[in-house]
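Student: I would like to work through this model by question and answer. Could we begin with how its helices pack and then turn to its cores?

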Amino acid sequence: MKAFVHTTVPYGDDGKMVRGIIAKCGGPGCEAAIPLPVNTMQNMRSGDEDLEFQFIARKLEAKGWRVGRSHGAHRCPRCLGAAKFSAIRKAKQMPNENAMGDKLKIVKDNMRVMTREDRRIIFEKLNEVYVNDKVGYGDGWTDEKVANDLGIPRAWVKLIRDENFGDEVGNENIREQIKEARELLAQIKAIEPRISEAQRLIAVADKVEKSLAEIAKVLK
Ligand SMILES: [Zn+2]
């Protein structure tokens, strides 16, 4: 498939019609077309077509066109400009808009005032997931999780919990850790005699190894 329409085009001041091509812009809804006189070589050999394409592409690119390999792939300077402009605008504005959106959300969150209804909802949720001031939260619940669950600022949860319930992390975790440490200690104590025995055997092995080395020297 040829990239250009081969036809006759006006040339020079008198508008004489000469052999040439017309490149059409493939931009959406764009009717732009550019005529270019090309003295098409007679008896074109294979490879000449490629040379001709390169010649045409250079000429059109000098006039601000982007040249593609097929009819619909060319773009006129106006369409190129519009595409560039929208790409630049997207690249420049998108991150800013996102950052602005995030900032706005934080500001909105901070500006949100806790209503009596909010307090009641948070209290009820804490009542459900907070065991008591010794155990703290049950089942892996945290301030963060409660805040996400209710879709409210974490600071509100902390406030209501501090006022009405207890610390975020209860003593239950600490108790659990002590229990684990005790179990570990018991395991170490259980194998301690074996460790002592192993150490004694290693000491014996060292002596045997030294004796072997001395015997080996004598036997040389
Ligand atoms: Zn165009």
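Student: At roughly what angle do the axes of helix α4 (residues 143-150) and α5 cross?
Tutor: This is a predicted model, and the values are computed from it. The axes of α4 and α5 come within 8 Å of each other. Their crossing angle is roughly 120°.

Student: Are α4 and α5 perpendicular or oblique to each other?
Tutor: Angles of 65 to 115 degrees count as roughly perpendicular. The α4 and α5 axes cross at roughly 120°, and the crossing is right-handed. The two helices are therefore oblique.

Student: How many charged residues does the contact of α4 with α5 have?
Tutor: From α4, the residues Asp-143, Glu-144, Val-146 and Ala-147 take part, and they meet Arg-154, Val-157, Lys-158 and Arg-161 of α5. Divided by class, this contact has 3 nonpolar residues and no polar ones. The number of charged residues is 5.

Student: Is Arg-161 buried or exposed?
Tutor: Arg-161 lies in helix α5 (residues 154-164). Leaving out residues up to four places away in sequence, Arg-161 touches Leu-126, Tyr-130, Tyr-137, Asp-143, Gly-166, Asp-167 and Glu-168. Its relative accessible area is 3%. Because buried means under 20%, Arg-161 is classed as buried.

Student: How is helix α3 (residues 116-129) oriented to α5?
Tutor: The axes of α3 and α5 come within 10 Å and cross at roughly 65°. That angle makes α3 and α5 roughly perpendicular.

Student: How many nonpolar residues are in the contact of α3 with α5?
Tutor: In α3, the residues involved are Asp-118, Arg-119, Ile-122, Phe-123 and Leu-126. They meet Trp-156, Val-157, Leu-159, Ile-160, Arg-161, Glu-163 and Asn-164 in α5. The residues of this contact include 1 polar and 4 charged, and the nonpolar residues number 7.

Student: In which hand does α3 pass α4?
Tutor: α3 and α4 pack with their axes 11 Å apart, at an angle of about 130°. The two helices are therefore oblique to each other. The crossing of α3 past α4 is right-handed.

Student: How many nonpolar residues does the contact of α3 with α4 have?
Tutor: α3 contributes Ile-121, Ile-122, Lys-125, Leu-126 and Val-129, while α4 contributes Val-146, Asp-149 and Leu-150. By class, no polar residues and 2 charged residues are present. The nonpolar count is 6.

Student: Which element gives the largest share of the largest nonpolar core?
Tutor: The largest nonpolar core has 17 residues, and Phe-4, Ile-21, Ile-56 and Leu-60 have the most contacts inside it. Two or more of its residues come from each of β2 (16-24), β3 (33-37) and α1 (48-62). The largest share, 4 residues, is that of α1.

Student: How many residues are in the second, separate core?
Tutor: Leu-126, Val-129, Trp-156 and Val-157 are among the members of this second core. Of these, Leu-126 belongs to α3 and is part of its contact with α5. The second core has 14 residues.

Student: What is the relative accessible area of Ile-56?
Tutor: Ile-56 is found in helix α1. With residues up to four places away in sequence left out, Ile-56 touches Phe-4, Ile-21, Leu-36 and Val-38. Ile-56 is buried, and its relative accessible area is 0%.

Student: What distance separates the C-alpha atoms of Ile-56 and Gly-20?
Tutor: Along the chain, Ile-56 and Gly-20 are 36 residues apart. Their C-alpha atoms are separated by 9.7 Å.

Student: What is the phi of Asp-139 near?
Tutor: Asp-139 is found in the loop between β5 (136-137) and α4, and it is exposed, with a relative accessible area of 75%. Most residues other than glycine have a negative phi. Asp-139 has a positive phi, with a value near 50°.

Student: Which pattern does the chain follow along the sequence?
Tutor: The chain has 6 helices and 5 strands. Of its 220 residues, 23% count as buried. Read along the sequence, the pattern is β-β-β-α-α-α-β-β-α-α-α.

Technical notes:
Residues are numbered from 1 along each chain as its sequence is written. This is a predicted model: local features need pLDDT of at least 70, side-chain atom pairs count only at pLDDT 80 or more; totals for chains, interfaces and linings use all residues. Side-chain values use heavy atoms; hydrogens and water are left out. Buried means under 20% relative accessible area, exposed over 50%, partly exposed in between (1.4 Å probe, protein chains only). Contact means heavy atoms within 4.5 Å. Axes are lines fitted to C-alpha atoms, for helices over the stretch in contact, and angles run from 0 to 180 degrees between N-to-C directions. Angles under 35 degrees count as roughly parallel, over 145 as roughly antiparallel, 65 to 115 as roughly perpendicular and the rest as oblique. Ala, Val, Leu, Ile, Met, Phe, Trp, Tyr, Cys and Pro count as nonpolar, Asp, Glu, Lys and Arg as charged, and the others, Gly among them, as polar. A nonpolar core is a set of buried Ala, Val, Leu, Ile, Met, Phe, Trp, Tyr and Cys residues joined through side-chain atoms within 4.5 Å. A crossing is left-handed if the near helix is turned anticlockwise from the far one by less than a right angle, and right-handed if clockwise.
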